[in-house]
Amino acid sequence: MRSMIRIAGAAALAVASMASPLLAQVKHPREIKTPALRQVRVPQPKRVQLDNGMVFLLMEDHELPIIRGTARIRGGGRDVGAAKAGLTGILGSSWRTGGTESRTGDQLDEFLESRAAIVETGASDDSTSVSLNVLKADFDTIFPIFLDLLRNPAFRQEKIDLAKTQANTGISRRNDEPGAIATREAIKLGFGPDSPYARQPEYATIASITRDDLLALHKRFVHPNNIILGMVGDFDAAQMEQKLRTAFGSWARGPQAPPPVATVNPSKAGIYYVGREDVNQSSIQLVHGGTMRNNPDYPAIQVLNDILNTDRLFAKIRTEQGLAYMVGGGVGSDWDHPGLFRVQVGTKSGTTMQAIESVRTELAALHSAPFTAEEVLRARESILNAHIFTMDSRAKVLTQMVNLEFYGYPADWYQRYPSLIDKVTPADVARVAKQYVTPDKVALLVVGKEKDFDKPLSGLGTVTPIDVTIPELNAAPSAKPAAPAANSAEGLALLKKVQDFVGGKAKIDAVQSVRTVASATRKTPQGPMDVEIESLTQYPERYRAVVKMPMGEMTMVVTPDASFMSLPGMGVRDLPASQRDNFRADAKSEILTVLKYPERYTFAVSGTEKNARVLEITADAETVRWHVDPASGRVLRKISRGRGPMAQGDQITEYTEWKSFGGIQFPTAASVTSNGEQVGSTQVKSVEVNAAVDNKQFERPAA
Amino acid sequence: MRVRSRLAQAAGLLMLVASTMQAQDLASFEKKTTVRKLANGLTVIIMERPEAPVFSYATVVNSGSSQEVAGITGLAHMFEHMAFKGNDVIGTKDWKSEQAAMAKIEEAYAAYDRERHREVGRDDANVAQLEKAWRDSIAAADKFVVTDEFTKVAERNGAVGLNAFTAHDITAYFFSLPSNRLELWAYLESERYRQPFLREFYKERDVVMEERRMRVESSPFGRLLEQFISAAFIAHPYGLRGIGHMSDLQSFSATDAKEFFKVHYVPSNMVIALVGDVKTSEAMPLIEKYFGRLPKAPAPPALRTVEPQQKSERTVILRESAQPMYMEGYHRPASTDPDDAIYSVMEMLMSSGRTSRLYKSLVRDKKIAVQASGFNGFPGEKYPNLFTFLIVPTAGNTATAMSEPLRAEIDRLKNEDVPADELASVKTRVKAGLLRQLDSNAGLALQLAQYQTLHGDWRELFREVDDIDKVTAADVRRVANATFVDSNRTVGMIERQAPAAQGAKGDSK
């Protein structure tokens, strides 16, 4: 039998727990009182400046037995010319991995990691850095390494090579993710492709970087008068100051780092497009010039940005329409050079135009619709009440102070900020919206698959396609035997044999134009694609092709004066430079062109392969090889360099059938392989020699 | 200077490290931490850290995408989006009317959904009509919505880091506030779990579809991950990505969500951790007042399905125009297994820093990779999961070429004892790594709540460092030999495929 007391107790408890929800009436959120925020004195670092110009900012923090420091050195990527784009990236990694005179990078790795000590180097647009993060007890052991690395990097060649391999891999991967393409290309549009803030390393620029370049950069920038050393952690500031004076006091001044680089020539407003086949979502960016942080309008601009994001872009495009997961942006303010206004949105292909219209509507509304007092108040409160988080740790405060010091801003800039925000009015916000958001200056970029769009992009205006093909590195001269400077007798003899096979030099010279109709199959990521090609060549150098594809008809024209194409639903536009150059290079090695104008090439025979004589045909430092049947003079196959964004190594065109038209032999069946895989085949259905040519076919139609 | 053996040096370092860490050891943390289980089963952890007048919190629900079944994949993640929609007071102009309108949406949707999924005898005209009726019912309910009010209320009160994540194992909600907003926080956070508020559910479904397109469908790496886990797990929900199948995203309803919420969003299934400028004596009663209102309910039933032992090596290959990528996964036990510390040591040995095995061999010496690492807890840790290797080849190398050098390093773990100094270095870094995590309110709040949820005790955050300290070379060999077995392996890779030859003109010339 259960104890009555226990039952009574349980009952009492039950009653109490049932009662508590009723008793604990919660207030309406409006009625919840907010007591005053506990005032804290924000700790400030101790600032020391040596006679040689070096600045220390020292912040004590005794919570954990760790000491962290970063030497921030003026001079960065923006101070390196375009020819060496990527140099500071190589510097940033090989500075550490290349070790010092006394320790290789590998030795440093073992020494540091066994102590859980971290000494690293880095680089950005405007600075390079050497940092350390150590347990307090290890400081005196590790600090000399930090010093040594700062002042005496060895830049060992094997680590430079390693850094280059990694940089090149990064380049090869830079088009894998559509979002990354969109951001990168938007920044190029906003700053201009030649701006140091938009520059990309390329295979050629990475290849040109030498150890001397790294040493020269180090010598140019690493001087005490260019360095701010910020330290935070479990130390006594006075003692640390002494240690640092001892370490750096006798270091002589050097040349001052250059002043900030201004941005250069932003792109024109317009519509830009990067096509991608393997996406079902578009990455959209709108960009134009921004401003600087020391602009007195900066506080009003921050309020504007808050409203633009919270009340307009996020609310209307994501929450209310469900069109996007990623949407946002605003007027960017960089520290020492103008930033960018940039808005981005990602939406499925089928709502691309709808999302663009929505963003444009919201940007226009920034000018046309007034800002309400409520909106402005909410934005101000959000910024003000979150301001504590800019200084809620000593490490954070130190970082702020280093930035202010580096960019030459007043030391109380963060302290002044709240009162400036507090003064921003709806009229201020309206004014800065008009001044700093200018829709007619916007460059709109879309990375996506246009054939799946809800409406064609051209509905917004002329579309400029952007070719993001990664420029290839031309083969190093040492990789292949030097191209012959003059014809060899053997080469000329083999050339004549081919000419005779085709029909003889006289007949060949009489050919003015050729029209062919062919059907072809090409391998694409989506599977094989069947096309019909009608091509017209007017010698020496005018080409026109009409390609019928499943999704529509494409026309391409390349002449010495112009190169353009028209795609289904996209109107006429210039051929991207790389495509035009690739086409011309391919055209140059076309059989009849070579046979008609041999004076433009040099010919040599390099041996025999598979019972065929190999005729090397060189022009413009590029060599194409024909495998020629020595008995008949028939060209069996052509080996040429694969071109275009997906090219991998050599391409072999096998000519499996030749037929005669108008006394001239033409290859009528061909199969193309690349890297051992068949990528295409062609079957010619008709050939017309010297058909009448209408000049209009090579002229660009009115847009 | 006296020459000491490397071993003695390492031992000396260990002692030095251990002594400097005394001030930040478990005992000192226990002094400032209070754990309370409320009557309704909710676990609350408060850690005082009055550095600055701010605090962070994390709410961890012990349910994630592993709790989904076919038809509702992606549903757990929806709550991440719903958590910002407000309640009966915030986010609505008139809750009573809105609630009625939302009930009408569910009726209309059920009719539409039933008809459109009809396999035989579907009437498309009827489907179109029902769809319109459903969309109209949404428009009617939208009239009562005050857009994004929850987020605005939080932000104007100084909230930063307002976010959430859904994992296979858990769902976590977190942000930080100035410390004078404690009561407001208690109100906002407790209201999220008092009952489900699912306004704008179908619009957020569209947003989640965009998220799926971004993370998975339009991303080569995203596609690889999805294929990889589906090959590695044939039974357990770890085989599905948390974002859900597109067909389920297009189909599940707010009614489905309500059912899921009722089962999983119960206080006995939740842990809340607060770290920062809070006084436990003031905060705990406040939390009891607000969170005590959450109705008591039994914890959800445990997941039944156990992944059977993998008996075949499996490979998935994506042929893409993207650059190559290589992955290998080997099944390992849940993180609560006694061998967990040994797996952590293997992870450090293989991937931590430039002295790691994979860096030295594949990145530095062979130069065939720019990144090579092995890591635990993929795609989750609560259930048996994968020890996974991820290698990013250097330009010009195929994914396949990564396999032999990787296996060579794996074989070393199996066949050679880890040298003492290497083991010591790992242990030193693990201890320092813990130390380096302790200076962030937000980081601590999430860690405490996660450890309490997944291990039953927040102290495990410290204790696992001690467990790692005890791992021996023999342990590593034993576990390596048990784990890295051919039949236990799943391989996933992206190989670059050359698309069509370029040029519009025929290549017959």
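Contact here means heavy atoms within 4.5 Å. Axes are lines fitted to C-alpha atoms, for helices over the stretch in contact, and angles run from 0 to 180 degrees between N-to-C directions. Helices (H or I, at least four residues) and strands (E, at least two) are DSSP runs, numbered from the N terminus. The model is predicted: local features need pLDDT of at least 70, side-chain atom pairs count only at pLDDT 80 or more, and totals for chains, interfaces and linings use all residues. Residues are numbered from 1 along each chain as its sequence is written, chains are lettered from A and ligands numbered from 1 in the order in which they are written, and side-chain values use heavy atoms, with hydrogens and water left out.

Start in chain B. Its domain assignment gives domain 1 (38-92 + 145-291) and domain 2 (314-496); such bounds come from an automatic or database domain assignment. The centres of these two domains of chain B, taken over C-alpha atoms, are separated by 28 Å. Across the boundary, 38 residues of domain 1 of chain B are in contact with 41 residues of domain 2 of chain B.

Next come the sheets. Two strands pair if DSSP finds at least two bridges between them. In chain B, 6 strands build an open sheet, ordered β1-β2-β6-β3-β5-β4, and the pairing is mixed. At its edges stand β1 (33-37) and β4 (160-166) of chain B, each pairing on one side only. On average, neighbouring strands of this sheet are turned by 10 degrees against each other, direction ignored.

β4(B) runs antiparallel to strand β5 (residues 171-178) of chain B, and 5 bridges join them. B:Thr166 has B:Thr171 in β5(B) as its bridge partner. Helix α3 (residues 75-82) of chain B lies across β4 and β5 of chain B. This helix runs at about 165 degrees to β4(B).

A second open sheet in chain B has 5 strands, in the order β7-β11-β8-β10-β9, again with mixed pairing. Which strands stand at its edges? They are β7 (314-320) and β9 (369-378) of chain B; each has a single partner strand, so one side of each is left without a neighbour in the sheet. From one strand to the next, the twist averages 10 degrees. Within this sheet, strand β8 (residues 325-332) of chain B and strand β10 (residues 385-393) of chain B run antiparallel, joined by 7 bridges. B:Glu328 stands opposite B:Phe389 in β10(B).

Now the helix pair. Two packed helices are described by the angle between their axes and the distance between the axes. Helix α15 (residues 403-415) of chain B and helix α19 (residues 473-483) of chain B have axes that come within 7 Å and cross at roughly 130 degrees. That makes α15(B) oblique to α19(B). The cut-offs are these: angles under 35 degrees count as roughly parallel, over 145 as roughly antiparallel, 65 to 115 as roughly perpendicular and the rest as oblique. From α15(B), B:Leu413, B:Lys414 and B:Asn415 meet B:Val476, B:Arg477, B:Ala480 and B:Asn481 in α19(B). By class, this contact has 3 nonpolar, 2 polar and 2 charged residues. Ala, Val, Leu, Ile, Met, Phe, Trp, Tyr, Cys and Pro count as nonpolar, Asp, Glu, Lys and Arg as charged, and the others, Gly among them, as polar.

Turn to chain A. Its assignment gives domain 1 (46-173 + 200-248), domain 2 (270-465) and domain 3 (481-698). The C-alpha centres of domain 1 and domain 3 of chain A lie 53 Å apart.

Strand β1 (residues 46-49) of chain A pairs with β2(A) in the antiparallel sense over 4 bridges. The two strands form a hairpin with 5 residues between them. In the turn, A:Gly53 has a positive phi of about 95 degrees. A:Gln49 stands opposite A:Val55 in β2(A). β2(A) also pairs with strand β6 (residues 227-233) of chain A, in the parallel sense and over 6 bridges. There, A:Phe56 has A:Leu229 in β6(A) as its bridge partner.

Is strand β2 of chain A buried or exposed? Of its 6 residues (residues 55-60), 5 are buried, so the strand is largely enclosed by the rest of the structure. Buried means under 20% relative accessible area, exposed over 50%, partly exposed in between (1.4 Å probe, protein chains only).

Two single residues close the tour. A:Ser333 sits in strand β11 (residues 333-334) of chain A and is buried, with a relative accessible area of 13%. Leaving out residues up to four places away in sequence, A:Ser333 touches A:Thr291, A:Met292, A:Arg293, A:Tyr298, A:Ile301 and A:Gln302. A:Pro178 lies in helix α6 (residues 178-191) of chain A and counts as buried at 7% relative accessibility. With the same exclusion of residues up to four places away in sequence, A:Pro178 touches A:Arg276, A:Val279, A:Ser283, A:Val447 and B:Ser218.
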